[in-house]
Amino acid sequence: MISFADDVFKLNTITSSYWFRVTKVGHLEHIYYGRRLPDDQTIEPLLLKRTAQLGSSVMYDQSDETYCLDNICLEWSGIGKGDYRNAPAQIKMPDGTFTADFVYQSHQTTKGNVTMDKLPASYGSEDSCETLEIALIDQSNNVHLLLYYTVYPKVDVISRRTVLKNRNPKELAIRSIMSMSLDIPNQGFRLVTFNGGWIKEGHKQEERLGYGIYVNSSTTGDSSNRHNPGFLLASSDATESVGSVYGFNLVYSGNHYGSVELSNHDLVRIQLGINPYCFEWVLNQDDSFETPEAFMSYSADGYNGLSHHFHDFINEHIVRSEWKGKERPVLLNNWEAHFFKFTRGKLLKLARRAKKVGIELFVLDDGWFGNRDSDKAGLGDYTINRKKLPRGLDEFSKRIHKMEMKFGIWFEPEMLNEDSELYRSHPEYALRTPNKNPALGRNQMVLDLCNEKVRDYIVQNVTHILDTCDIDYVKWDYNRHISDACSIVIENQGEFFHRYILGLYDVLERIFRPRPHILFESCSSGGNRFDAGMLCYSPQVWTSDDTDSIERLKIQGGMSYLYPLSTMGAHVSQAPHQQTLRNTPLSTRFNVAAFGCLGYELDLKYLSHVQRKEVKSQISFYRKYRSIMQYGRFYRGEEYKSNKVVWHCVDPRHDTAVTGFFQTQTTASEGFDRLTLMGLKAKQKYTVKTKPQSLYIKSFGGLVKHILPITLNPDGIILRIANQFFCLTDCVEAYTAYGQTLMDGVLLNNQFVGSYYNDKIRLLGDGGSSLYITQNE
């Protein structure tokens, strides 16, 4: 995995090589990151050549007229010695200047990984990973910098992080410090980021690099729904299946900063770490500061190959608890059914209906505590609302368990309302700026997690509910960004944002590490805190408050570039959807949500007889293929039409696959559709068949008049009643072929084209879809 000879470090995974060397003056020069190289490959063909002095260069050492740090690929750089690209650290050094020149001092390797002090990080056994620690020093200031590289060869991922130590009697002040900095030659890169906002998280955005600095960051106090910490660099010819793609991500849930800089001589500098926004950290003598862990991967097999590396890494080396690798239960959450307006009786009726259709986990959302009848009161309190649950939460939990379902509960422990017992007793627990009125979001304030007393209060109250009410699942919400970033327990407010996240991790560690049986799902108004830091505690994340399946294609599709399906909460809701008013078919709502951790979020009593029957069939199907949908190899199909999305999940043995074929919008008299499968064995024979799904009479609208022997009002009572109890089965196709043939593509039956219909016509329309099951012969 890691070797060192002739001043060259070689870090190798199964499919990639990452090499760099110590220069004659002690800097770390990056040599190569890409496809796996033979161990005996010499470095000369790979080195960036310096055979001419460039104009305007500032030379590091006058004895070498070509040694200019501004034109060298580096693993780390300083300030004040001729490198004018974005610096990985800005430190006011003990000598009062910002000049920093860190050079090689020593290194050591360790089997396994090196644990961090207060931050969550990846983990692995001595057999699964190896760590390189390189010690650098700024000699005149006696300030030390440790660079950590951990190689996970089987999943083709390398992690990096930094530790700064002050050995000088005088203090230093950190203005910014990255977890990693890396320079590579440009390959006509496209930068791919995943951006959005509430109910539109994770939308893929790409642009070709030009000269300058591109920044992907968050300043909201969390990793944010605006810009996910993860990003990709793709060669100009990269597609889902071919081409070079580099991926970078951060194990951190707070303000992040990622930058990609293209220099005027076509060198690309990639940096990732804590956002310098409002950041300042002072180190006295013998103090140290550790950055969050960044991780990266390279694939020569396009975006899908890169995603496979990240998916394996997160499933194997980030996710913990008893739920690591374990199939997640199908849940029903009562939020969209009731909001705050529920009673014990309503909940039990919903639970009984849920049990009948096959639900395995019943989740009680917001409104069960304090005076919580709206979002204007109650947050911060944990007394059970006896008007809604007169026999208590523990009794209700027992009732759900007697129905042979698991029971889950919603919390929002980091927040409080002014109208709460907690605020009336301890107003100092809330964040606020002296002499200013606090800014509210969703009628709530943020608790000061920098304060140990606040953390103790949260841990004590949450664990009491968990331990006395037999809770199997927790949805932990966080419904606003941070404002008034000021803590009464901190002298230097430049430490606030990072100390808040450290406080959050402390709370999660104390609550969930002793209770590994609890399935913890992180939520932050949806995907506002979907990051690898939270995944160290929560095996899955509520991907978005948007349950519109067409929007979810963009949201889940975008997040799939960085995170595995086993981490994505995905629910079937009522339509028209509350977030968009789009009316999507029940089949499509399921077909999209099945590519993740399936749940339902609707009032089952408002479904017709045939709809409840379909939901029961959906859950039965999902349970049969759940291991593939959550842990199979996921592929995004190449785009061949702008109104089509195709996803594939393939089992590890390549014997079974589930494919989703989605049509976002119909077009008049559309041409043929091709189903191109992925991930199969070329010489194995398979059968591919459509999953049967319901086709409702109302889908035909006024056309129904023309196929009946009598004329009926399409909106009349007779057809409305018929639609409640009767439905057709949409077109089912079946083909047998070798894997290579299926991966070359199958031509499907015609869609409805406005002039003809029989049972061999696919009726998709706007938002229509089909699932296809591929099974070896």
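Student: How many nonpolar, polar and charged residues are in the lining of the second largest pocket?
Tutor: This is a predicted model, and the pocket has a volume of about 610 Å³. Its lining is made of 25 residues, and those closest to the centre are Glu240, Tyr561, Glu639, Lys644 and Val645. Sorted by class, the lining holds nine nonpolar, seven polar and nine charged residues.

Student: Which element gives the largest share of the lining of the second largest pocket?
Tutor: The elements that contribute two or more residues are strand S12 (203-208), helix H9 (549-559) and strand S32 (644-650). With five residues, the largest share comes from H9.

Student: Which residues are linked with Lys644 in a network of salt bridges?
Tutor: Lys644 is among the residues closest to the centre of the second largest pocket. Side chains of opposite charge can pair when their charged atoms come close. The residues networked with Lys644 are Lys641, Glu670, Asp673, Glu733 and Arg762.

Student: How many salt bridges does the count come to?
Tutor: The criterion is a side-chain nitrogen of Lys or Arg within 4 Å of a carboxyl oxygen of Asp or Glu. By this rule the count is 44.

Student: How many residues apart are Arg175 and Glu280?
Tutor: Their side chains meet in a salt bridge, at 3.7 Å from N to O. Arg175 is in strand S10 (residues 172-185), while Glu280 is in the loop between strand S17 (267-274) and strand S18 (281-283). The pair therefore links distant parts of the chain, and the separation is 105 residues.

Student: Are Arg175 and Glu280 buried, partly exposed or exposed?
Tutor: Buried means under 20% relative accessible area and exposed over 50%. Arg175 has 32% and Glu280 has 27%. Both values fall between the cut-offs, so Arg175 is partly exposed, and Glu280 is likewise partly exposed.

Student: Which parts of the chain does the pair Glu395 and Arg344 tie together?
Tutor: Glu395 and Arg344 form a salt bridge, with 2.9 Å between the closest N and O atoms. The two residues are 51 apart in sequence, so the pair ties together helix H4 (residues 392-402), which holds Glu395, and helix H3 (residues 344-357), which holds Arg344.

Student: What is the distance between the closest N and O atoms of Arg513 and Glu509?
Tutor: Arg513 is partly exposed, at 30% relative accessible area. Glu509 is also partly exposed, at 33%. The two form a salt bridge, and the closest N and O atoms are apart by 3.2 Å.

Student: What is the accessible area of the nonpolar patch that includes Phe726?
Tutor: Phe726 lies in the loop between helix H12 (717-725) and strand S37 (727-729). Its relative accessibility is 56%, so Phe726 counts as exposed. The surface patch consists of Ile717, Ile718, Ile721, Phe725 and Phe726, and together they have about 540 Å².

Student: What separates the C-alpha atoms of Gly302 and Ala238?
Tutor: Gly302 belongs to helix H1 (residues 302-317). Gly302 has a relative accessible area of 0%, so it is buried. Ala238 is 64 residues away along the chain, and the C-alpha separation is 5.5 Å.

Technical notes: Residues numbered from 1 in each chain as written. Predicted model: local features only at pLDDT ≥ 70, side-chain atom pairs only at ≥ 80, totals over all residues. Heavy atoms only, no water. 1 Å grid on protein atoms, 1.4 Å probe; cavity = no way out; pocket = protein on both sides within 12 Å on 5 of 7 lines; lining within 4 Å. Points joined across faces, edges and corners; volume = space filled by probe spheres on them. Helix = DSSP H or I, 4+ residues; strand = E, 2+ residues; numbered from the N terminus. Nonpolar A, V, L, I, M, F, W, Y, C, P; charged D, E, K, R; others polar. Patch = residues over 30% accessible without salt bridge, like charges linked within 9 Å, V, L, I, M, F, W, Y side chains within 5 Å. Areas by Shrake-Rupley, 256 points an atom, 1.4 Å probe, with all protein chains shown as cover. Buried < 20%, exposed > 50% of the residue type's maximum accessible area, 1.4 Å probe, protein only.
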